[in-house]
Amino acid sequence: MSEHLSEEQIRDFVIGAEVGVPIEQLRAHLATCRECSARMQAEAQLEHALWEVRQAAAVCPGCQRLSIDGSAEQRCDHCGAVRSVRGFAIESVLTQTSHSRVYRARTADGVAVVLKELVFAQVPSLTVLEAFEREAKLLRQLDHPQIPRLISHFQEGEGVHTRLYLAQEYVAGQSLQALLDDHRFDEQEVTEIARQVLAILAYLQSLSPPVFHRDIKPANLLRQPDGKIALVDFGSARELGATQGATLVGTIGYMPPEQLVGTIDKTTDLYALGATLIHLLTRRPPWQLLTAEPQWRRVECSRRLRSFLERLVAHNPGDRFADAEATMTALSATDLFSGDVRPVSFVKAAPRWPKLKWAVLGLAAAAMVPLAWQTARMVSDAGTAVEAALPETDGLVRPPSGVIGIADQKRAPDEDSAQEGAADDDTGDEALAFDPLDVAAFEAYQAGNVAILQGRFEDSIREFKRALDIDPRFADAHRGLGIAYAKLINPKQAARHYEMYVKLRGDAVDADRVRQIVTNYREANQGRPPMVARSALSKSEILKIVVLSRDDLKKCRTEQSGRDQAQARDEIKVQWWIRSDGTTRDVSILTDEFKDTALGACVRDAISGWRFPSFEGEDIGPIRFPFVLD
Amino acid sequence: MASEARGALLRLLERPATDAFDWDAAIRCHHRRLCVSLLALGLTIDQAEDVAHQAWLRIIERQRAGLLRELRLPGLVIVQARFLALNLLRRGRRDTALPEGPGDSQPLAVDDVDPENRLISRERLDSALRVLAGCSESARAVFQLVYSDPPLGHAEVAQRLGLSVQRVRQILCEVRAKMRSAVEGSP
């Protein structure tokens, strides 16, 4: 070791990094060298000070920023989240809206709690304060294992700085709303949820006076790790019998019609439960389905479950089950799972995704068309019999049916969610309501398309299958698989997937054509003569390739512009033949002034390299085409 | 003396405990920080080690005797250790009329009851916080994790932030350089 330690060695020793010399040797040196010891102490002072800074710079539980204001202010100056209040140490912000925050916090004893904070933009009225007290009183009387227990409630600050707090037992788990993001509920799960929620509702309705939650929805139902469902957010709850004229609370879509005019009774929460179950089954917010002509009836589920749901969400309260107890009895008697269990439920026949979505996605698909044409040329080289029988794809995978030309589809009207404390808005903007699973499925589908266009058919099959794993009823993914298998000369699989496509999308514009293809494949599989290659190229097919390949000629114009600029703006007429293998022959320049020019030679060479789809029969020609290169 | 306290601590830890508290883990986690805080007071490295062991010893004995209502680490052990250290330094001054460590050492004086010193400490802290606020997002993230409670090793910080260990150290050194002027009171 040198006479003294370097700055880096001292610093690394203090911060606990690798020093580069044996630690005992370093310690021995520090014990004897006053100078190095003093430097090390100075470095330690800085390190100690940094710990103090770190302690003073608390991390905001809301925005996770280091707060530069230590103990004086208990609220983050960036997002406004509180750090600690009345002995509750805030750990994180669970949800927040403009008028409330829900924190995860701990008591001084280390017990995890949920702390609901109500904030106000103006001085809260006496009515608001009374309502808060009433909610606290109501919560205090509840004693059910699937309802979080109230721990305490209190007020902080005054006037416009008033903050009202409710501390409740923390329930670990995920809301059903959150689960919808990456989980598809089957009938069995939905029925189990119904059973558990009904048990909670039966308890609430058995109280005197009965308690109505008034805001049952997926966001307020938490699935705990043990599978138990907990009902949370009693901010809308009332402990009255049937009442009229109350303030409108609840969430549009989950509220029965009579709740809109403030009328609630024992069937109110049952209707909301029914709407919730339908949402879970269909993955669509109920306001889209519980319309005058209820679309949800097309949901693919057992008849018994459908009947049960029909009674839950009956328009007329008199047609619903009388109360939660009666509903539980009916549910038990129905014995939904003695028979068929549907693993996944979707709305039948109705377009799986809103058309506007497809319009957006269609733009992406349309952008792929030029690439598709290139591929058309590429794949046509194979010239297989199977390829010839493709449903006029020309090697192009079409965007999902109905994409092109619907960009002017009307948006669904926006509908504000009226939920209280809603950090989980189910707004009804259809154009933006992309289901993450739908998007994931589309992404896989799109990747499949790209793979097809690039001739990576095995990859495309894998991607289309991935799309189908996410959404087994994704018709266009079946169509893509049909094409991919056809390219791989697997008519059996191709037919199977085309068949599925037609089955799922019987009303598609190309359905008849695909049906014909399926028939062709079936016949081929049964030993009938296989599909024959195209007998010749049509004029439009030739035109497509020419138009798409014109850029090659423009390059000639650019390259030769220095020499032949004067002529380049003129028309240049070219003649050629197409051989049955798709290659060109005898390309000649017919316009005299270009015959012996560099530009003419370039054009001739370019066209000689073009490839058209192969066909059976005589060479096609002569083809004469007037190109204008400007 | 250092080995005496260390030996006593080891013997204590070897004794079967009635509680399930993992003292080994606690010491592994906080010992470096404890020693740093003692070095910052002006103790030599041997003194710091010795005082740290004594502090752990006392805390563990009190905890096992059921004398501690709550156990907040590392705060409790640091307070205990600094109390022992200040006693040691006072004894040293009495004996030699000079601090035992380097004479020009000026710790941040968090234990100082002199209002003026407290004010200076507070101002330095505020200044350091302002410097921190001016650091980049990644610098603050590294700082936040390296000095988290419990502290994270540089490798773990690197893993969490998706950086290389080398980069974490580089950022840390940059932050330290910026903070140095603030906490040492230079303009």
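Predicted model: local features only at pLDDT ≥ 70, side-chain atom pairs only at ≥ 80, totals over all residues.
Some ground rules: residues are numbered from 1 along each chain as its sequence is written, and chains are lettered from A and ligands numbered from 1 in the order in which they are written. Local features need pLDDT of at least 70, side-chain atom pairs count only at pLDDT 80 or more, totals for chains, interfaces and linings use all residues, and side-chain values use heavy atoms, with hydrogens and water left out.

Let's start with the rings. How many aromatic pairs does a search of the whole structure find? Over all chains, there are 12. Rings of Phe, Tyr and Trp (its six-membered ring) pair if their centres lie within 6.5 Å; planes under 30 degrees apart are stacked, over 60 edge-to-face and the rest tilted.

Take W51(A) and Y147(B): their ring centres are 4.9 Å apart and their planes stand at 85°, so this pair is edge-to-face. The pair crosses between chains, from helix 3 (residues 34–56) of chain A to the loop between helix 6 (137–146) and helix 7 (154–161) of chain B. Helices (H or I, at least four residues) and strands (E, at least two) are DSSP runs, numbered from the N terminus. Are these two residues buried or exposed? Both W51(A) and Y147(B) are buried, meaning under 20% relative accessible area, with exposed over 50% and partly exposed in between (1.4 Å probe, protein chains only).

Now compare F88(A) and F154(A), with centres 5.9 Å apart and planes at 5°, so they are stacked. F88(A) lies in strand 2 and F154(A) in strand 5 of chain A, so the pair ties together parts 66 residues apart in sequence. F88(A) is buried, with a relative accessible area of 7%, and F154(A) is buried, also at 7%.

Three strands of chain A form an open sheet in the order 7-8-9, with antiparallel pairing; two strands pair if DSSP finds at least two bridges between them. Strand 7 (174–175) and strand 9 (229–231) of chain A stand at the edges with a single partner strand each, so one side of each has no neighbour in the sheet. Strand 7 of chain A is joined to strand 8 (residues 221–223) of chain A by 2 bridges, and S175(A) stands opposite L222(A) in strand 8 of chain A.
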